[in-house]
Each structure stands twice: as C-alpha cells, then as structure tokens.
Amino acid sequence: MPEPTRGIRNNNPFNLVYTDDAWEGKVDRDIEIEDIFERFDSPEAGIRAGAINVLTQFSRGYDTLATLLERLTPSETNPTESYIKYVSDRMNIDPNEKLNLTEPMSLRGFSSAIIGFENANHAYEDELLDGALARALEYHLSKQNKNTGGPVTQPLYDDRKYII
C-alpha cells in the first residue's frame, strides 16, 4: 500500500498553506511535523476549510474553472495548466465555463477533482465528503447573507412581510 500523501496525513486534502486563519478543527502549528501546510484534527475539518476557501474565491469573482484554479494554485508553485486540465477532464466541462459552486453537486465535483489532483487520486467516502461540503456551503451562505441587504425573500406566510 502506498504511503499517504502529505494532504491526507495532515487531514488537509486541499493542501491549504498555513495561515493565521482560525479554521474549525485546525491543529496548532508544529514546524517539526509540518512547516508549510495547515493540519486539521479530521478529514472533515480539512475538507470543510478547503471548500470554504474555494467558495470565498468563487464569491470574489473567480467564477470559471480556469480563473479559480489560477487563483488557488499560482503557477509559481504549482503546475497550474496540468491542474486545470485534470479538473476540467474530471468534471467534463470547459475550463472557461462559468461555475455555480453554490450548487452542491458542482461544489462536490470541483472539490473531488482538487482532492484527486492534490492526493494521487485519493477519494473520500461519500458520506464524509458530502457532510463536510454541506457544512462548508452552509457556512459560506450564512456569511453571504449576513447584514448585506441581500435578496428579499418571498413571505413564508401570508400574514408576514418578510422572513427573518
């Protein structure tokens, strides 16, 4: 059996570089164990953090596979063109096609492809992956709609004007 990749060992399958961000499930930095990448206490926490990072860049206008991967995987440290081709082939979409990563199956396809590229085609069980991505999407959407004067929703009940 091959040795697990760095991303799998660190429970960080997106290979997020270490930052001061206070990710849920983040393990304290120990440069004797890992000097570049974040470490998490579970695969779910690492997937959630990676997906939130993807969704954050997506919401900033990096909304095609090519522009998003160029943002997430700069060519100074990554084989960005190979990365784009791999993810495009796995998702079966044109790299310049607009994405809708707030749609769960699109986020799942994109995330699965990233995890595969970063970790020698490693795949997580559906239940773990789907749970982590659902939590990331829920977090992202809650931040998008908080105090932004976002879209007015339709009343849920006839006797009320707004859903609060």
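**The largest pocket and its setting**

The protein contains six helices and zero strands, where helices are DSSP runs (H or I) of at least four residues and strands are E runs of at least two, numbered from the N terminus. This is a predicted model, in which local features need pLDDT of at least 70, side-chain atom pairs count only at pLDDT 80 or more, and totals for chains, interfaces and linings use all residues. Residues are numbered from 1 along each chain as its sequence is written, and side-chain values use heavy atoms, without hydrogens and water.

The mean pLDDT (the predictor's confidence in each residue, from 0 to 100) is 90, and 88% of the residues reach 70 or more. Residues 148–164, however, have pLDDT below 50.

A pocket is an open set of points on a 1 Å grid over the protein atoms alone, where a 1.4 Å probe fits, with protein on both sides within 12 Å along at least five of seven lines; lining residues have an atom within 4 Å of a point. The largest pocket holds about 550 Å³ of space, a volume being the space filled by probe spheres set on the points. Its lining has 23 residues, and Asn15, Leu16, Val17, Asn53 and Leu72 lie nearest its centre. Helices H2 (43–59), H3 (65–72) and H5 (104–118) each supply at least two residues of this lining. The lining comprises 11 nonpolar, seven polar and five charged residues; Ala, Val, Leu, Ile, Met, Phe, Trp, Tyr, Cys and Pro count as nonpolar, Asp, Glu, Lys and Arg as charged, and the others as polar.

Key
Contact means heavy atoms within 4.5 Å.
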